[in-house]
Amino acid sequence: MGFKTRVVATLLACLLLTACDKAVKSSFSDAPVAFHPNDECHVCGMVINEFPGPKGQVVERGGVKKFCSTAEMLGWWLQPENHHDSAKLYVHDMGRSHWDTPDDRHLIDARTAFYVIGTGLKGAMGVVLASFADEAKAQKVATDSDGRVLRFDQIDLAVLQQPMGMMHSGH
């Protein structure tokens, strides 16, 4: 091996080692993301934007899972194998969004939201859970529709599997 070849090989090795030493910056963000017209529900595969009402999403390092409703997201989340402490859960704030076209600028932390069940409002398949950031707005919708307000930790699979007629507060 000639002198020039050794110098080039040494310089190349130094460059490679220097490149390996640099910290890789992560572009991961756990902030909510917008729903797009062709997004499909992670659970049922339906096109999300074909349904009215609030949607849900789970954001974690491995990617974003989007759901056609808050109930679909919570039903998925309640499965033990889906619990990841680092995951962020988001739902639309229906106190600041139109029911038919929820605004992605108003996605809120699902764990702190107030949910109204039994409203009679149309949504995706199954139980409809209207999500709100503001407790007073949630309570008003519940009172006006004979529904009831639930917190995140009050929602379990039994709540999500209630027959439609049993969701009102008096039943």
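## About the model

The structure is a predicted model, in which local features need pLDDT of at least 70, side-chain atom pairs count only at pLDDT 80 or more, and totals for chains, interfaces and linings use all residues. Residues are numbered from 1 along each chain as its sequence is written, and side-chain values use heavy atoms, with hydrogens and water left out.

## The sheet

Let's start with the strands (DSSP runs of E, at least two residues, numbered from the N terminus, just as helices are runs of H or I of at least four residues). Three of them make an open sheet in the order 6-5-7, with antiparallel pairing; two strands count as paired if DSSP finds at least two bridges between them. Strand 6 and strand 7 are the edge strands, each pairing on one side only. On average, neighbouring strands here are turned by 35° against each other, direction ignored; axes are lines fitted to C-alpha atoms, for helices over the stretch in contact, and angles run from 0 to 180 degrees between N-to-C directions.

## A look along strand 5

Strand 5 is joined to strand 6 by four bridges, and four bridges also link strand 5 with strand 7 (residues 148-151). Tyr-115 has a bridge partner in each neighbour: Ser-131 in strand 6 and Leu-150 in strand 7. Phe-114, meanwhile, stands opposite Arg-151 in strand 7.

In a regular strand the side chains alternate between the two faces of the sheet. Here, Phe-114 and Val-116 point one way, while Tyr-115 and Ile-117 point the other way, and all are buried. Buried means under 20% relative accessible area, exposed over 50%, and partly exposed in between (1.4 Å probe, protein chains only).

Helix 2 (residues 70-77) lies across strand 5 and strand 6, running at about 95° to strand 6. Helix 3 (residues 135-145) packs on the sheet and touches strand 5, strand 6 and strand 7, its direction making about 5° with that of strand 5. Contact here means heavy atoms within 4.5 Å.

Helix 2 is mostly covered, with eight of its eight residues buried; among them are Met-73, Leu-74, Trp-76 and Trp-77. The elements these buried residues pack against include strand 1 (56-60), strand 3 (88-92) and helix 4 (157-160).

## Ser-69, in the loop

Where is Ser-69 placed? You will find Ser-69 in the loop between strand 2 and helix 2. Ser-69 counts as buried because its relative accessibility is 6%. Leaving aside residues up to four places away in sequence, Ser-69 touches Pro-54, Lys-55, Gly-56 and Ala-124.
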